[in-house]
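How do helices pack, and how do charged side chains pair? This report takes up both topics in turn.

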Amino acid sequence: MTSPALPVADLPARDRILATAHDLFYRDGIRATGVDRLIAESGVAKLTFYRHFPSKDALVRAFLDHRHDRWMAWFIDALGRHGAADAAHGGARLLLLVDVLEEWCAQPDFRGCAFINTVVELGPALPEAAAVAQAHKAEMTQVIAQLLPDGPLQGLLADAAALAFDGAIVRAQMAADPAGRRAAAVTLRGVLSALVARR
């Protein structure tokens, strides 16, 4: 994911809090990151923090919206960089998801999908998180559908490809080393190739 254009220390207070929360929530988890740590690491006063985010739940919701915007912009850009605009408009374009996964896994801060992680971590404690995650996955699936030719199976294939992509993300996150992450990408390629063949 791209970093803010300005160094975090130069951002306005709200953006500084959000950038700090983004990095800590994604890296260490939401429950493990307390408000006092967020205040200390973002360099704001407690009053300033609560003026912008009246509760930690409010900050979590803002984090998810922020992560959605950042990740979707990266995802669309990554597909383009790997040839989505140049490749023939056929089912084989689904295989670009493998290249995108490999690029993401190679990033030093990769820790899987922030939305899956949040829903698993918080469960019913924050129902809004699940709703935001569902909307995020729906938008991701819409982007994947654009890799496929129009037709009666477009939606079904996009759903299946998105499910395979999410599974590969989780498998890559669980991997203990780069070889395990590569294996997740190889498996994803096999699943997507099978989908293309049955199209």
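Predicted model: local features only at pLDDT ≥ 70, side-chain atom pairs only at ≥ 80, totals over all residues.

Residues are numbered from 1 along each chain as its sequence is written, and side-chain values use heavy atoms, with hydrogens and water left out.

**Helix packing**

Helix 5 spans residues 96–105 and helix 8 spans residues 154–174. Helices here are DSSP runs (H or I, at least four residues), numbered from the N terminus. The two pack at an angle of about 25 degrees, their axes 11 Å apart. Axes are lines fitted to C-alpha atoms over the stretch in contact, and angles run from 0 to 180 degrees between N-to-C directions. Helix 5 is therefore roughly parallel to helix 8 (angles under 35 degrees count as such). The crossing of helix 5 past helix 8 is right-handed (the near helix is turned clockwise from the far one by less than a right angle).

Helix 5 brings Leu-97, Val-100, Leu-101, Trp-104 and Cys-105 to the contact. Helix 8 meets them with Ala-161, Phe-165, Ala-168, Ile-169 and Ala-172. Contact means heavy atoms within 4.5 Å. The contact residues divide into 10 nonpolar, no polar and no charged (nonpolar covers Ala, Val, Leu, Ile, Met, Phe, Trp, Tyr, Cys and Pro).

**Salt bridges**

The whole structure holds nine salt bridges. A salt bridge is a side-chain nitrogen of Lys or Arg within 4 Å of a carboxyl oxygen of Asp or Glu.

| Pair | Distance |
|---|---|
| Glu-128 and Arg-61 | 3.3 Å |
| Arg-81 and Glu-103 | 2.9 Å |
| Lys-137 and Asp-166 | 2.6 Å |

Glu-128 in helix 7 (residues 127–145) and Arg-61 in helix 4 (residues 56–81) are 67 residues apart. Glu-128 is partly exposed at 35% relative accessible area, and Arg-61 is partly exposed at 29%. Buried means under 20%, exposed over 50%, and partly exposed in between (1.4 Å probe, protein chains only).

Arg-81 and Glu-103 also meet in a salt bridge. Arg-81 lies in helix 4 and Glu-103 in helix 5, so the pair ties together parts 22 residues apart in sequence. Arg-81 is partly exposed at 45%, as is Glu-103 at 21%.

Lys-137 pairs with Asp-166. This bridge ties helix 7 to helix 8, across 29 residues in sequence. Lys-137 is buried at 17%, and Asp-166 is buried at 15%.

Arg-27, Asp-28, Arg-37 and Glu-41 are linked in a network of salt bridges.

Terms used: Parallel < 35°, antiparallel > 145°, perpendicular 65-115°, else oblique.
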